[in-house]
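Subject: Structure for your review

Hello,

Here is the structure I said I would pass on. My notes on it follow below.

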Amino acid sequence: MTSRLATRALAALLLFFAMLMPLQAADEPVLRIGDTLSLLLPGEETLTGDFAIDRRGEITLPEAGSVKLAGMALTEAITLVRFKLAVAFQDTARLSIRIKERKLFVAVAGQVKKPGALELPGDATVEVAIAEAGGVAAGAQLDRLKVVRGNKEITFDYKRYLDTGDRSILPALEPLDIVFVPISPLTGNVAIEFDSATLARAGDGTENSGSVRIFGEVANPAQFAFKDDMTIVDLIMRAGGVTRYAAVEQIRVITDAEPILFNLQAYLDSGDPKLLPTLKKGATVFVPILGDQIKRGKHTVYVMGEVAKPGAFEAQPGASFIDILANSGGPSRFADTRQIRIIRPGGKVTMFDLVAFTEGKVAAVPEIGPGDAILVPEKTDTQEPSWLKIPATRAVQVIGAVNKPGRYEWADEMSLFDLIANAGGPTGQGDLAAIRILERAGSTARPLIFNMKQFIEKGGRPADVPQIRAGYVVMVPELPIDPSDNKSQWLKQEKERSIYVMGAVGAPGRYAFDASMGFLDILSAANGPTKSADLRAIRVSLRGAGDAEPVKVDLAAFMRTGDERLLPNLKPGDMIYVPDQDREWTDIAAQDTVRVLGSVAKPGRYAFTSRMSLLDLLAQAGGPTTDALQKRIVVINMGKQVRAFHFDLVAFTKTGDLTKLPVVRPGDTVYVPDKSESQWAKVMSTIKDVGQVVAIVAAIAAL
Amino acid sequence: MSTVRSATRLVVVIALASAAAGCGHAWPPEARGGMAERTAPMPEPLALTGHAIDQALETGAIGPATAEAAHERLVLALRESDAGLDEDAEASALAASMTIGGADIASPAGRQTCLKAPCK
């Protein structure tokens with residue numbers, strides 16, 4: 001019993017000194033929850049083995065019960081255990097204790113994939129704990145992770161650790177720590193699928209004091225978490241950049257209730273970092289819209305009209321017309337780039353043809369100075385109902401027989417063909433052979449006629465096509481619809497384009513004529529010769545220049561032979577006369593007829609050709625009468641020689657002797673005498689007369 | 001006797017008067033040649049001219065109407081020649097020759113028709 005008391009006293013004394021004098025060296029481990037101790041007391045099986053320090057920081061010893069060891073140094077813990085075991089065991093001084101294994105009991109909570117309690121290796125870090133918890137889940141607020149240790153919270157920027165790899169950012173874990181991963185306020189209060197794109201748009205700032213706000217003319221106005229080295233340009237970029245309407249020279253930065261004006265344009269032009277205002281937590285940035293104020297600077301140039309971005313621009317010294325136009329986004333597709341106007345401050349207007357410049361026809365662009373205004377007009381649509389849109393100095397008028405007459409905008413590089421085509425081409429009645437162009441120059445106008453039809457059919461030089469200019473009038477005349485229509489339109493027909501058809505035709509009159517037509521065309525147009533027309537004696541007066549030259553046309557011979565050479569070449573102004581067969585006898589030339597006199601049914605003058613004979617002539621004249629002396633038909637040939645011959649028709653009818661037929665030619669005369677002119681008749685008449693005389697004489701003598 | 005003499009004298013007077021009446025009006029000679037192309041052969045000069053006309057037509061130097069008219073003149077020349085109208089016949093032959101541009105050909109009367117200067 002005494003020995004027990006002595007032993008207890010010794011142990012207590014040792015314990016006292018152990019408590020007074022810390023025995024742990026700088027590197028002596030401190031027991032923690034999760035450590036596994038290996039005990040060894042020789043000869044005592046129940047005290048040989050592993051004993052884990054539980055979550056209460058205790059181990060359970062046989063006979064001694066629970067002993068709290070967490071937080072103790074190892075040697076201290078050994079002393080305590082020996083003391084506890086001394087009540088039941090002898091020679092506990094031989095008890096050895098060592099740390100066999102160390103573990104870390106932590107919990108991971110919040111926006112991780114597998115939150116919960118974890119048993120980690122003793123040297124595990126926050127990163128290991130998060131990884132064991134499945135990693136952070138989408139929507140985790142990485143810059144505000146926490147380690148909760150009892151009532152204490154350690155907040156750390158895990159995002160910065162991920163950016164930099166600086167492990168000192170991560171707090172060391174201790175047993176029973178809770179690693180909390182907060183969720184971003186972007187996710188709202190309702191659990192939904194997190195959209196990472198929304199984060200970029202809507203910002204990640206959670207508290208006003210720790211974030212910056214940007215709104216106005218930016219793509220994604222929002223509140224963003226402030227970073228220490230964040231500049232205003234970073235913030236603008238984070239917000240998706242400025243819109244096209246942003247007034248980048250008038251950005252306002254409100255920091256510490258103090259507004260600062262920031263000229264982003266100047267900063268981008270110069271790159272001077274001094275122009276950047278200092279951005280602080282809680283700052284507010286406003287990007288105003290362009291046009292909130294009327295800009296007027298020393299080098300302001302105005303671009304108006306059909307450009308992508310009309311407005312006022314600050315033209316740097318040396319900025320050219322092209323620079324300014326390009327700065328305004330360039331002409332739109334509706335721009336009339338041929339008629340750009342530069343309006344000077346004094347009111348003077350300079351015209352500039354940008355198309356010609358791009359084609360190399362204009363060498364220089366106009367000089368642009370401060371206060372100048374560039375107006376790019378709208379392209380006129382010629383189909384617009386309002387014709388007033390095209391000024392007279394830019395229009396040509398197309399009238400007459402075209403499908404779309406009207407006023408058309410004109411450019412000098414176009415041709416007459418382009419114009420007629422644009423006007424829809426000629427109608428069916430359009431006469432392209434006589435297009436009239438009224439050339440206007442100043443106060444004078446000069447008419448010109450162009451035969452487009454001939455040009456198309458036969459070709460020609462480009463210089464032969466009349467040049468059209470703005471202000472000209474182009475008229476396409478109309479052809480008569482049919483010959484009868486010509487009567488009502490004869491006033492429209494110039495004599496230089498007419499031909500005259502008179503006499504025995506269906507419709508005599510003036511007819512439109514051009515060089516492509518022929519004799520038969522005109523005759524047909526006049527409805528052709530009548531039944532009584534003398535086709536052998538058609539006369540054509542070729543008026544030409546000077547006196548008319550008459551030509552005889554034997555259309556009957558043409559009909560018979562098809563000889564085209566018989567048809568004359570006509571020109572406008574010529575006259576065709578088709579005589580009637582029953583015309584006045586004085587109109588028939590003597591050399592074309594034969595005279596038939598005497599005892600025939602129809603004495604007179606008859607047309608005669610050399611193909612005929614006397615028999616044809618007598619038949620045409622109705623034949624000899626009953627009083628005709630058919631034995632003594634006389635033919636008088638009146639050519640170079642004037643000779644008379646007689647023909648015995650009676651004998652011919654009996655013999656058919658062709659050798660006795662007389663020669664008859666136009667100009668000759670045929671006389672059929674009366675029977676009273678026969679010799680027997682004359683003898684009998686003489687006898688009768690003499691007999692009467694003798695009878696009278698005898699009677700007187702008898703008296 | 002005197003009656004017989006008177007009757008005889010009367011008959012003589014009547015006969016003389018009749019003869020005078022008959023002789024006072026002599027008819028022109030009988031005609032001929034009106035269809036000589038059917039009754040008389042074409043003289044060689046005219047035939048040559050006709051042949052030349054046909055050649056000219058074939059080569060296109062003259063048209064069919066001109067050739068037809070030229071042949072008609074040749075026929076007329078033949079008729080006139082047969083009728084004894086030599087001058088007219090020569091003129092007609094000449095006219096036919098001129099349609100083919102003129103040629104030195106013999107006339108029906110034996111004279112040369114000179115159409116191209118200088119004449120031979």
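Predicted model: local features only at pLDDT ≥ 70, side-chain atom pairs only at ≥ 80, totals over all residues.

The interface

The contact draws 38 residues from chain B and 36 residues from chain A. Between chain B and chain A there are 16 residue pairs in polar contact, counting pairs with both residues at pLDDT 80 or more. Four helices of chain B each supply at least two residues of the side that touches chain A: H1 (2-23), H2 (36-39), H4 (64-82) and H5 (86-98). H4(B) gives the most to that side of chain B, with 8 residues. By residue class, the side of chain B that touches chain A divides into 18 nonpolar, 10 polar and 10 charged.

The count of salt bridges between chain B and chain A is 4. One of them joins Arg665(A) to Asp88(B), where the closest N and O atoms are 3.7 Å apart.

Ser613(A) also touches the partner chain: leaving aside residues up to four places away in sequence, its contacts are Phe608(A) and Met35(B). Ser613(A) lies in the loop between strand E32 (604-607) and helix H15 (614-620) of chain A. Ser613(A) counts as buried because its relative accessibility is 6%, and the cut-off for buried is under 20%.

Strand pairing in chain A

Strand E23 (residues 435-441) of chain A pairs with two strands. With strand E24 (residues 444-450) of chain A the pairing is antiparallel and runs over 7 bridges. Within that pairing, Ile435(A) has Phe450(A) in E24(A) as its bridge partner. E23(A) and E24(A) form a hairpin with 2 residues between them, and Gly442(A) in the turn has a positive phi of about 65 degrees.

With strand E25 (residues 473-476) of chain A, E23(A) again pairs in the antiparallel sense, over 3 bridges. There, Arg436(A) stands opposite Met475(A) in E25(A). As background when you look at these strands: in a regular strand the side chains alternate between the two faces of the sheet.

Loop residues in chain A

Glu63(A) is in the loop between strand E3 (58-61) and strand E4 (65-68) of chain A, while Asn527(A) is in the loop between H13 and strand E28 (538-542) of chain A. Glu63(A) is exposed, with a relative accessible area of 64%. Asn527(A) is exposed too, with a relative accessible area of 53%.

Met517(A) sits in the loop between strand E27 (509-512) and helix H13 (519-525) of chain A. Not counting residues up to four places away in sequence, Met517(A) touches Ala512(A) and Ile522(A). Met517(A) and Asn569(A) are 52 residues apart in sequence, and their C-alpha atoms are 9.2 Å apart in space. Met517(A) has a relative accessibility of 30%, so it counts as partly exposed.

Regards

Conventions
Residues numbered from 1 in each chain as written. Chains lettered and ligands numbered in written order. Heavy atoms only, no water. Contact = heavy atoms within 4.5 Å. Salt bridge = Lys/Arg side-chain N within 4 Å of Asp/Glu carboxyl O. Polar contact = N/O pair within 3.5 Å; in protein donor to acceptor, adjacent residues only side chain to side chain. Nonpolar A, V, L, I, M, F, W, Y, C, P; charged D, E, K, R; others polar. Buried < 20%, exposed > 50% of the residue type's maximum accessible area, 1.4 Å probe, protein only. Pairing = 2+ DSSP bridges.
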